[in-house]
Amino acid sequence: MGKDIKGTCHLCGSYGKLSFEHIPPKKAFNNCRIEHYNYFMGIAQGNYDNQISQRGLGGYTLCESCNSKTGSWYGGAFVEWACQSMNILKYTSNRPSLYYRFRIFPMRVIKQIACMMFSVNISEFRCYHQDLVRFVLNKEERHLDPNIKFFAFFNAEGFRMSGGVVKVKTNNFNMDSLENLEESIDKMRTKVKTHQVLSELSFPPLGYVLTFDSEPPDPRLIDISYFAKYQYKDKCPIELHLPVLPVDSPYPTDYRSRQEIGH
Ligand SMILES: [Zn+2]
C-alpha cells in the first residue's frame, strides 16, 4: 500500500496507524474483487478507497493491535460459521426451509459480529457503547446488555452495510375517516411514534442486524443474542432456522424482493 492511514481506532479509541480490516474476514468469502458499490453505504469517515474493492470489502477502522487480537480470537470461528452457512445455502439451492445444526463457537461468532459492527459505524460509536467495547476486547466477557440484540438471516446474494441508522415509525391515521370521538381517542392512543437505532451488515452467506432498545426491525429476523451466554471455549451444536432475506433495496433492514421494490 505504501501509505499509512491514520485515524481513531473504532474499538479502543487510540489514535494512530490503522490497519486494513476485511469486513467480514477474508476467508469468510470476502477475498474477491467487489464490483458493485451501489448499496454500500460507506465505511465511516472515509477511511476506505477504491483500492479496497480489489481485495474484498473492508476498511481502515481498527488499530493493528485490535485488528490482530480480534482476528486471532474470533476470526477462525467466524469463518467456520460462514462456511457451514454457505454449505446449507448450496445444498438447498438457496432455499433452506428447516432447522439446521451448526457446530460452532457461538461466543466467538457473536463477538466477531459485534466487532464488525464497530467497523461499520463511526469511531464515536464506541463512546456510547463502552460495555460492547469490553465485550469485544475481552474474549471471556459474557455480559451483554439485554437491550442490545443481534439478529441473523441467510443472505444468498448482495451486500449492504450501514451504521447508526435511526428509523422512525409513525402509525398514521386519518381523522376524517373516524366515526365518533371515542374511536378517535382510541386511535390517538395507538398513534405511537417509535424509533429504532440499528446497524446492519449483510454479506453472503449471512446478514446481521444490531439493535438498541428497540423491537426487531423485521419479524423474520432470528435473535442470536444468546450466543453471548456461552463461554469462549465452548464449541457446540446450535440449531437455527434462519430465513433467506433479500437485500436488494438500498435501505437498511428493508427486505423486500426485487419484484416488490419494482412495484
Ligand atoms: Zn484499537
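At what angle do helix 1 and helix 2 pack, and how far apart are their axes? In this predicted model, the two helices meet at an angle of about 110°, and their axes lie 8 Å apart. Angles of 65 to 115 degrees count as roughly perpendicular, so helix 1 and helix 2 are roughly perpendicular to each other. Their crossing is left-handed.

Let's look at helix 2 itself. Helix 2 covers residues 106-120, and at 1.5 Å a residue its 15 residues should span 21 Å; the end C-alpha atoms are 21 Å apart, so the expectation and the model agree. Helix 2 is also mostly covered, with 15 of its 15 residues buried.

Now to the metal site. The zinc ion has four protein donors, Cys9 (SG), Cys12 (SG), Cys63 (SG) and Cys66 (SG), lying 2.3 Å from it. The angles among these four donor atoms are 105 to 115°, and the site is tetrahedral. Along the chain, the donors follow the spacing C-x2-C-x50-C-x2-C. The pair Cys12 and Cys66 links distant parts of the chain, 54 residues apart: Cys12 sits in the loop between strand 1 (5-8) and strand 2 (15-22), while Cys66 belongs to helix 1 (residues 64-91).

| Residue | Relative accessible area | Class |
|---|---|---|
| Cys12 | 38% | partly exposed |
| Cys66 | 2% | buried |

Buried means under 20% relative accessible area, so Cys66, at 2%, is buried. Cys12, at 38%, is partly exposed.

Definitions and conventions. Residues are numbered from 1 along each chain as its sequence is written. This is a predicted model: local features need pLDDT of at least 70, side-chain atom pairs count only at pLDDT 80 or more; totals for chains, interfaces and linings use all residues. Side-chain values use heavy atoms; hydrogens and water are left out. Helices (H or I, at least four residues) and strands (E, at least two) are DSSP runs, numbered from the N terminus. The expected span of a helix is 1.5 Å times one less than its number of residues. Buried means under 20% relative accessible area, exposed over 50%, partly exposed in between (1.4 Å probe, protein chains only). Donors are N, O and S atoms within 2.8 Å of the metal (3.2 Å for Na, K and Ca); water is not among the atoms, so sites may look incomplete. Four donors count as tetrahedral if all angles lie between 85 and 135 degrees; four count as square planar and six as octahedral if opposite donors are over 155 degrees apart and all others between 65 and 115; anything else is irregular. Axes are lines fitted to C-alpha atoms, for helices over the stretch in contact, and angles run from 0 to 180 degrees between N-to-C directions. Angles under 35 degrees count as roughly parallel, over 145 as roughly antiparallel, 65 to 115 as roughly perpendicular and the rest as oblique. A crossing is left-handed if the near helix is turned anticlockwise from the far one by less than a right angle, and right-handed if clockwise.
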